[in-house]
Amino acid sequence: MKKLIKIGSILFGSVIVLILAFILITNIWLDSTLPEYTGEVQVYGLNQEVEILRDSSGFVYINALNINDAAFSLGYVHAQERLFQMDLTRRAGEGRLSEILGPATLPFDRMFRTVGIHKHVMENLENYMPETMELLQSYADGVNQFIEGNKNNLSFEFDLLGYDPYLWKPEHSLMISKLMAWELNMSWWTDFAYIHIMQKLGVEKTKEIIPDYDENAPTIIPESIKDYPPVSLGLVETDKAFRKFMGFTGTHIGSNNWVVNAAKSESGKPIIANDPHLAFQAPGKWFYVSINSPDWKVAGFTLPGAPVVVIGVNENIAWAMTNVMADDADFYLEKLDEERKNYFVDGIWKSIDVRFDTITVKDSTDSILKIEQTHRGPIISGIHPYDVLYNTQDSTASISMRWSALDFSDELFAMYSLNRSKNSDEIIAAIKNFSAPGQNFVYADKAGNIGYICGARLPLRKSQSPTLIFDGTISENDWLGNIPYEEMPKLFNPPQDFIASANNKTVRDFPYHISNVWEPPSRIERINELLRSKKKHSVQDFQKYQTDFKSKYAEKVVPYILEAFKNVEINDENLNMVLLLLRKWNFEMEMMSQTPTIYNAFLTKFIENILLDEMGEELLDQYRFVANVPYRIVLELLGKGKSVWFDDINTPEYESMNTIIRKSLVDAISELEENFGDDVSRWQWGEIHSVTFKHLFGMESDLIGQFVNVGPFPLGGDGTTVFNTEYSFNDPFDNNLGPSMRYVYDFAEPDYINLILPTGQSGNFRSDYYSNMTEKWLNGELVKIPLWFENLNGFEKDRLILQPE
């Protein structure tokens with residue numbers, strides 16, 4: 001017996017030793033993947049020595065003696081910290097994810113090969129400005145020098161997937177802006193949802209739930225729409241799956257920005273603020289850098305893969321951006337002959353452009369893709385994950401896509417020009433070259449001017465309110481050109497002494513169509529309220545405003561709830577408590593409060609009780625996927641007071657608005673009681689509304705997620721607060737989108753900037769800079785750092801020298 005115990009002890013000890021050895025070796029391996037932050041590195045392609053400094057937060061300062069060396073060094077630094085993120089992004093745009101991830105991503109590859117982002121870039125390489133191509137080549141050289149010099153210690157993702165990244169090329173950077181345009185374009189989702197609802201429920205009933213603005217032309221709905229064949233949701237479903245896979249969840253893809261001039265600034269100089277709202281990921285979207293070279297001195301937020309500062313500051317100007325929500329894509333129902341060789345337009349048959357492409361798939365056979373194209377664009381109706389994976393044949397309508405991002409534009413040259421602009425005239429000239437994704441540019445200069453420019457390429461259409469799929473057999477629905485840049489909305493030194501945007505309607509009485517998917521006005525109303533709340537504002541005020549949790553939307557909705565229960569006898573204790581809390585609520589979405597939980601549970605039930613009986617689950621999911629649509633419709637229907645949508649078609653009675661309001665609140669309370677117990681005091685908003693910054697691998701594996709995900713953390717707010725913490729109506733209440741960075745800049749302190757990221761600068765989870773800013777971001781703090789290389793004065797922590805070899 002003693003012998004068996006001894007043997008068991010030895011075996012147990014051996015297992016422990018092996019486990020400890022494995023942990024030690026794994027840690028040594030993982031630490032070897034961390035980039036070098038100090039010392040000297042010799043590299044090919046550099047003209048002169050470059051100094052790269054990092055401060056204690058991991059923010060990067062590049063000191064180069066010429067522009068090309070600065071771009072080279074930026075490429076090197078991006079690759080140090082975010083190479084896997086860069087590689088995955090370019091593979092998505094090229095349609096090459098399946099080479100490393102296998103059949104699961106084949107639908108995404110087929111989608112992007114069909115849409116043709118990479119094809120478009122390659123066909124237009126000779127059209128880009130020489131300055132753009134020179135900058136891109138230097139940047140690519142820097143990325144490639146890091147790849148070549150670190151083949152054996154790249155980040156862990158490459159080892160786990162068993163592949164090496166191929167060399168970076170200028171066209172990969174050119175795809176970055178196109179992919180951002182794809183991510184930020186929400187308008188076309190509604191085209192498919194509306195037409196499906198019309199085909200099921202009819203035109204008149206559907207018109208009541210299409211958001212509109214009085215100054216737009218009436219929604220144009222062709223009589224023939226009822227005769228359209230079934231419209232495939234293939235593109236929508238595939239893009240949904242792609243966004244979920246990449247972590248691009250959330251549809252309040254917008255931002256806040258505002259600027260005040262000297263008259264409203266405590267410092268006597270303009271102050272500007274920005275917080276772009278994008279899907280949360282680990283690592284995040286942005287990488288902060290300060291570039292110091294004789295002809296390119298700029299600091300701000302870059303997208304790994306692109307050699308420009310997208311949002312930031314130079315010695316003369318500062319600028320901020322929000323999404324225009326531009327409607328820059330249309331779809332056309334095409335009539336094809338039986339052999340799919342021709343399509344019918346204006347009484348004649350035209351040849352379809354057909355090409356074949358081959359997609360390499362890991363651990364599977366190659367996939368052959370047939371791509372068909374009309375004069376408008378690719379036929380996208382055959383894109384569907386089930387068609388790809390199960391080789392089914394789609395018998396639905398053939399639909400082509402027209403998208404302005406597939407017209408030539410040079411956004412990188414626009415941003416490079418903006419990086420070097422000195423005044424409003426140069427800013428206006430720079431943004432003229434910016435097309436997609438359409439952005440609201442707000443800016444200030446050191447002379448004290450403030451301004452706004454709508455930077456987008458918007459198509460000229462016969463219809464001023466397109467929201468549906470067009471009849472492709474007639475050319476009158478084709479685009480007539482683009483709105484001239486000179487006529488695009490602009491603003492300069494307004495008398496109110498401030499400018500703000502929050503994805504709200506750009507301008508009233510504009511003669512051209514911009515969008516039908518504006519965000520509900522709650523954020524811009526609150527921002528304007530705050531900016532008018534006092535005569536002068538400070539950096540500290542702006543920091544507080546960026547994390548404001550008051551919902552002007554809830555402030556409008558709650559009185560309808562209270563009115564619906566007026567003079568109604570109530571015997572339920574929790575219902576009485578809930579109504580009391582709603583009466584006393586200040587409409588602050590604080591995470592420790594129970595009232596936001598009750599309100600948001602009510603809102604989701606109210607949307608469901610209005611729409612589900614007519615639409616059914618699948619259509620409802622499509623309709624409420626773009627969250628600003630149900631948000632806006634709820635207010636419109638409440639304002640009307642009467643609508644056929646309030647009636648539940650499954651009951652013999654006719655339900656009024658107040659009946660549905662009462663039912664929705666009772667349903668919400670019942671669900672909260674079932675999930676969290678009868679004690680209302682335990683229904684804190686932060687208990688069910690939390691944020692997790694997820695790594696791609698952490699979304700696929702809970703075990704890996706414990707190491708690479710950041711969170712969860714309880715959070716206040718919702719999709720209507722200035723601090724945007726959106727949740728999906730289809731999967732409430734986890735926060736999946738919000739401020740991807742925050743920054744505030746005061747021209748009275750030209751050598752400092754205030755900023756924060758949700759996680760950190762690095763994409764390597766072993767790095768000290770992977771999630772070092774999360775706590776400050778959650779608490780609404782900003783880090784004040786020197787703006788320029790020469791201002792560091794001992795602030796730097798790490799010093800890396802790149803030497804030309």
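Predicted model: local features only at pLDDT ≥ 70, side-chain atom pairs only at ≥ 80, totals over all residues.

Colleague: Ok, how many strands are in the open sheet, and in what order?

Modeller: The open sheet has 11 strands, ordered β1-β28-β2-β3-β6-β7-β8-β9-β16-β17-β19, and the pairing is mixed.

Colleague: Which strands stand at the edges?

Modeller: Those are β1 (39–43) and β19 (490–492). Each has a single partner strand, so one side of each is left without a neighbour in the sheet.

Colleague: And what's the twist from one strand to the next?

Modeller: On average, 20 degrees.

Colleague: In what sense do β3 and β6 pair?

Modeller: Parallel, with four bridges between β3 (residues 60–63) and β6 (residues 287–292). As an example, tyrosine 61 has serine 290 in β6 as its bridge partner.

Colleague: Which strands does helix α13 lie across?

Modeller: Helix α13 (residues 411–419) lies across β7 (298–302), β8 (311–314), β9 (317–323) and β16 (439–445). Relative to β9, the helix runs at about 145 degrees.

Colleague: Switching to cavities. How many of 30 Å³ or more are there?

Modeller: The count comes to seven. The largest cavity holds about 550 Å³ of space. It is lined by 38 residues, and the closest to its centre are Phe84, Gln85, Leu88, Thr89 and Pro283.

Colleague: Which helices supply at least two residues of that largest cavity's lining?

Modeller: α2 (67–94), α7 (156–161), α8 (170–184), α11 (234–246) and α24 (696–700) each do. The largest share comes from α2, with 10 residues.

Colleague: What about the lining of the largest cavity by class?

Modeller: There are 21 nonpolar, 11 polar and six charged residues in the lining of the largest cavity.

Colleague: Next one down: how much space lies in the second largest cavity?

Modeller: About 280 Å³. Its lining has 24 residues, and Met180, Leu303, Val310, Met321 and Pro437 are the closest to its centre.

Colleague: Which elements each supply at least two residues there, in the lining of the second largest cavity?

Modeller: α8, β5 (271–279), β9 and α13. Of these, α8 gives the most to that lining, with four residues.

Notes
Residues numbered from 1 in each chain as written. Heavy atoms only, no water. Pairing = 2+ DSSP bridges. Axes fitted to C-alpha atoms, helices over the stretch in contact; angles between N-to-C directions. Contact = heavy atoms within 4.5 Å. 1 Å grid on protein atoms, 1.4 Å probe; cavity = no way out; pocket = protein on both sides within 12 Å on 5 of 7 lines; lining within 4 Å. Points joined across faces, edges and corners; volume = space filled by probe spheres on them. Nonpolar A, V, L, I, M, F, W, Y, C, P; charged D, E, K, R; others polar.
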